[in-house]
Amino acid sequence: MTKDKSPSFESSLAELESLVEAMEAGDMSLEDSLAAFENGVKLTRQCQQQLSAAEQKVELLMEQQGKLISQPFDDQDGSDG
């Protein structure tokens with residue numbers, strides 16, 4: 001089994017949520033807050049890249065007869081909201 005060099009989306013998101021909670025608590029020093037913020041930006045970028053890659057894969061899978069059928073995920077179930 002190969003190991004990806006980047007953490008999974010779920011673990012990055014969980015770490016990001018923990019950072020936000022710690023920062024919102026207000027008990028961190030300025031230096032710790034800045035380090036947490038920097039790490040949060042890095043995690044946010046990783047998550048965004050992973051979401052973009054997943055979106056591209058979905059679009060490729062939805063390609064039919066040479067035409068791309070692209071629609072928002074929330075419209076898939078037919079609900080209005």
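Reader: What share of the 81 residues in the chain is buried?

Author: In this predicted model, buried residues make up 10% of the 81 residues. Buried means under 20% relative accessible area, with exposed over 50% and partly exposed in between (1.4 Å probe, protein chains only). Residues are numbered from 1 along each chain as its sequence is written, and side-chain values use heavy atoms, without hydrogens and water. Local features need pLDDT of at least 70 and side-chain atom pairs count only at pLDDT 80 or more, while totals for chains, interfaces and linings use all residues.

Reader: Why is Ser12 called buried?

Author: Its relative accessible area is 1%, and the limit is under 20%, so Ser12 counts as buried. Ser12 lies in helix H1; a helix here is a DSSP run (H or I) of at least four residues, numbered from the N terminus. Leaving aside neighbours within four places in sequence, Ser12 is in contact (heavy atoms within 4.5 Å) with Pro7, Leu43, Gln46 and Cys47.

Reader: What makes H1 roughly antiparallel to H2?

Author: The axes of H1 (residues 9–25) and H2 (residues 30–61) cross at roughly 150 degrees and come within 9 Å. Axes are lines fitted to C-alpha atoms over the stretch in contact, and angles run from 0 to 180 degrees between N-to-C directions. Angles over 145 degrees count as roughly antiparallel, so H1 is roughly antiparallel to H2.

Reader: Which residues of H1 make the contact with H2?

Author: They are Phe9, Ser12, Leu13, Glu15, Leu16, Leu19 and Met23. On the H2 side, the residues include Leu43, Gln46 and Cys47.

Methods
Helices (H or I, at least four residues) and strands (E, at least two) are DSSP runs, numbered from the N terminus. Angles under 35 degrees count as roughly parallel, over 145 as roughly antiparallel, 65 to 115 as roughly perpendicular and the rest as oblique.
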